[in-house]
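This briefing is for a reader who has the sequence and the coordinates at hand. Please read the points below alongside them.

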Amino acid sequence: MRGEKYELDLVLRNNRTTEEYPLGIFHPHQDKHHIKKENIGLIEVMGLAVLPARLLKEMNLLADTVLAGENPEDVPEIASHAAWMREILKKHPAYAPENVKNQPASKEALLAILREEIGLVFAGVLEDAGVYKDTEEGRKAFRRFVAAVH
């Protein structure tokens, strides 16, 4: 009950697959698998990101690698994060190899950046999982669905 009215929360699922998305159209897409490959569940839908435990170790190793001015692609345990890290370095050039060797950089600050960037990736995971996308077409389809069940 919310006041005098009932509230119903629906979590819509769709397990269709395509050649482009063999694990599922509404599953985290491949570009985000380095952070979260597992499908989302009710906890994530409610706003709590459940991330793989491996990320803690990987982010520490990624930060150490970047701060040493090394290429994450050369470290097997974190190679899957290399392309993502290149994008992060475009936004935070102080951590680029040519800059990090010339000035001391804080691991804590870099880890804070990585946590923020993981959050952005996870927001994308939620968007991937949305059966009704946040587009005009998706909003129209959602309104048709609501009208059909109303």
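A residue is called buried when its relative accessible area is under 20%, exposed when it is over 50%, and partly exposed in between, with a 1.4 Å probe and protein chains only. On that scale Lys 36 and Glu 44 are both buried, and they form a salt bridge in which the closest N and O atoms are 3.2 Å apart. The model is predicted, so to speak of local features requires pLDDT of at least 70 and side-chain atom pairs count only at pLDDT 80 or more, while totals for chains, interfaces and linings use all residues. Residues are numbered from 1 along each chain as its sequence is written, and side-chain values use heavy atoms, with hydrogens and water left out.

**Salt bridges**

- A salt bridge here is a side-chain nitrogen of Lys or Arg within 4 Å of a carboxyl oxygen of Asp or Glu, and a search of the whole structure finds twelve of them.
- Lys 32 forms a salt bridge with Asp 128, with 3.0 Å between the closest N and O atoms; this pair links distant parts of the chain, since Lys 32 is in the segment before H1 and Asp 128 is in helix H5, 96 residues apart.
- Both Lys 32 and Asp 128 are buried.
- The side chains of Asp 134 and Arg 139 meet in a salt bridge at 2.6 Å, N to O, and a network of salt bridges links Asp 134, Glu 136, Arg 139 and Arg 143.
- Asp 134 counts as exposed because its relative accessibility is 69%, whereas Arg 139, at 35%, counts as partly exposed.

- Helices (H or I, at least four residues) and strands (E, at least two) are DSSP runs, numbered from the N terminus.
- Two packed helices are described by the angle between their axes and the distance between the axes.
- Helix H3 (residues 82–91) and helix H5 (residues 107–129) pack at an angle of about 115 degrees, and their axes are 11 Å apart; the axes are lines fitted to C-alpha atoms, for helices over the stretch in contact, and angles run from 0 to 180 degrees between N-to-C directions.
- From H3, Trp 84, Met 85, Ile 88 and Lys 91 meet Leu 110, Ile 113, Leu 114, Glu 117, Ile 118, Leu 120 and Val 121 of H5, where contact means heavy atoms within 4.5 Å.

**Individual buried residues**

- His 34, in the segment before helix H1 (42–45), counts as buried because its relative accessibility is 10%.
- The side chain of His 34 makes a polar contact of 2.8 Å with the side chain of His 81, a polar contact being a pair of N or O atoms within 3.5 Å in which, within protein, one must be able to donate a hydrogen and the other to accept it, and residues adjacent in sequence count only if both atoms are side-chain atoms.
- Ala 82, which lies in helix H3, is buried at 4% relative accessibility; leaving aside neighbours within four places in sequence, Ala 82 is in contact with Pro 72 and Glu 73.
- The C-alpha atoms of Ala 82 and Pro 72 are 5.2 Å apart, although ten residues separate the two in sequence.
- Val 66, in helix H2 (residues 54–67), is buried with a relative accessible area of 3%, and beyond its neighbours within four places in sequence its contacts include Pro 72, Met 85 and Leu 110.
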